[in-house]
Amino acid sequence: KGEILRKVLDYCEFAVGEGKTKTEEEKKKWEEEYLRLDHPTLFQLILAANFLNCQSLLDLTCKNVADQIRQKTPEQIRAHFNIKNDFTPEEEEE
């Protein structure tokens, strides 16, 4: 999709351009703004970064997902990402 490729290019342009002259705090602020995405877009961005072997973008996006699930129960994670629980009660006990 074009918008995903545009997001990848935005990241790459920042990383090799103005991002090189920013402080760590400024970079972090830019990354937080950059990652304000809905879940489907975020996961498409992860797939694109992986496919294009853009390791720094892959690390950044995966860290964002990890931060979203940190300290949450499985039920909270399912609710957050709208994942259907297809386990039987017996499987849940395991």
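This is a predicted model: local features need pLDDT of at least 70, side-chain atom pairs count only at pLDDT 80 or more; totals for chains, interfaces and linings use all residues.
Colleague: Does Asn53 count as buried or exposed, and at what relative accessibility?

Modeller: Exposed means over 50% relative accessible area. Asn53 therefore counts as exposed, its relative accessibility being 62%.

Colleague: What is the phi of Gln71, and where does Gln71 lie?

Modeller: Gln71 lies in the loop between α4 and α5, the latter spanning 74–81. At 78% relative accessibility, Gln71 counts as exposed. Its phi is positive in a residue other than glycine, with a value near 70 degrees.

Colleague: How many Å apart in space are Phe81 and Gln71, C-alpha to C-alpha?

Modeller: Phe81 has its place in helix α5, while Gln71 lies in the loop between α4 and α5. In sequence the two are 10 residues apart; C-alpha to C-alpha, Phe81 and Gln71 are separated in space by 15 Å.

Colleague: Is Phe81 buried or exposed, and which residues is Phe81 in contact with beyond four places in sequence?

Modeller: The cut-off for buried is under 20% relative accessible area, so Phe81 is buried, at 15%. Leaving aside neighbours within four places in sequence, the residues in contact with Phe81 are His39, Phe43, Val65, Gln68 and Ile69.

Colleague: Which side chain does a polar contact of 3.0 Å join to that of Gln68?

Modeller: Gln68 is found in helix α4, residues 55–69. Its relative accessible area is 19%, under the 20% cut-off, so Gln68 is buried. Not counting residues up to four places away in sequence, Gln68 touches His39, Leu42, His80 and Phe81. The polar contact of 3.0 Å joins the side chain of Gln68 to that of His39.

Colleague: At what angle do helix α3 and α4 pack, and how far apart are their axes?

Modeller: Helix α3 covers residues 39–51. It passes α4 in a left-handed crossing. The packing angle is about 145 degrees, and the axes are 8 Å apart.

Colleague: How many nonpolar, polar and charged residues has the contact of α3 with α4?

Modeller: From α3, the residues are His39, Leu42, Phe43, Leu45, Ile46, Ala49 and Asn50, and they meet Leu57, Leu58, Thr61, Cys62, Asn64, Val65 and Gln68 in α4. Sorted by class, this contact has nine nonpolar, five polar and no charged residues.

Colleague: Which backbone oxygen does the side chain of Thr61 reach, and at what distance?

Modeller: Thr61 has its place in helix α4. With 0% relative accessibility, Thr61 counts as buried. Leaving aside neighbours within four places in sequence, Thr61 is in contact with Leu35, Leu42, Leu45 and Ile46. The side chain of Thr61 reaches the backbone oxygen of Leu58, at 3.1 Å.

Colleague: Which element gives the largest share of the largest nonpolar core?

Modeller: In soluble globular proteins, nonpolar side chains tend to be buried together. Here the largest nonpolar core has 16 residues, and those with the most contacts inside it are Tyr11, Tyr34, Leu45 and Leu57. Two or more residues of this core are given by each of α1 (2–16), α3 and α4. The largest share, five residues, comes from α3.

Colleague: Which residues does Tyr34 touch, not counting those up to four places away in sequence?

Modeller: Tyr34 is among the residues with the most contacts inside the largest nonpolar core. With residues up to four places away in sequence not counted, Tyr34 touches Lys7, Val8, Asp10, Tyr11, Leu45, Leu57 and Leu60.

Colleague: How many Å apart in space are Glu24 and Cys12, C-alpha to C-alpha?

Modeller: Glu24 lies in helix α2, residues 24–34. Its relative accessibility is 61%, so Glu24 counts as exposed. Glu24 and Cys12 are 12 residues apart in sequence, and their C-alpha to C-alpha separation in space is 17 Å.

Methods:
Residues are numbered from 1 along each chain as its sequence is written. Side-chain values use heavy atoms; hydrogens and water are left out. Helices (H or I, at least four residues) and strands (E, at least two) are DSSP runs, numbered from the N terminus. Buried means under 20% relative accessible area, exposed over 50%, partly exposed in between (1.4 Å probe, protein chains only). A polar contact is a pair of N or O atoms within 3.5 Å; within protein, one must be able to donate a hydrogen and the other to accept it, and residues adjacent in sequence count only if both atoms are side-chain atoms. Contact means heavy atoms within 4.5 Å. Axes are lines fitted to C-alpha atoms, for helices over the stretch in contact, and angles run from 0 to 180 degrees between N-to-C directions. A crossing is left-handed if the near helix is turned anticlockwise from the far one by less than a right angle, and right-handed if clockwise. Ala, Val, Leu, Ile, Met, Phe, Trp, Tyr, Cys and Pro count as nonpolar, Asp, Glu, Lys and Arg as charged, and the others, Gly among them, as polar. A nonpolar core is a set of buried Ala, Val, Leu, Ile, Met, Phe, Trp, Tyr and Cys residues joined through side-chain atoms within 4.5 Å.
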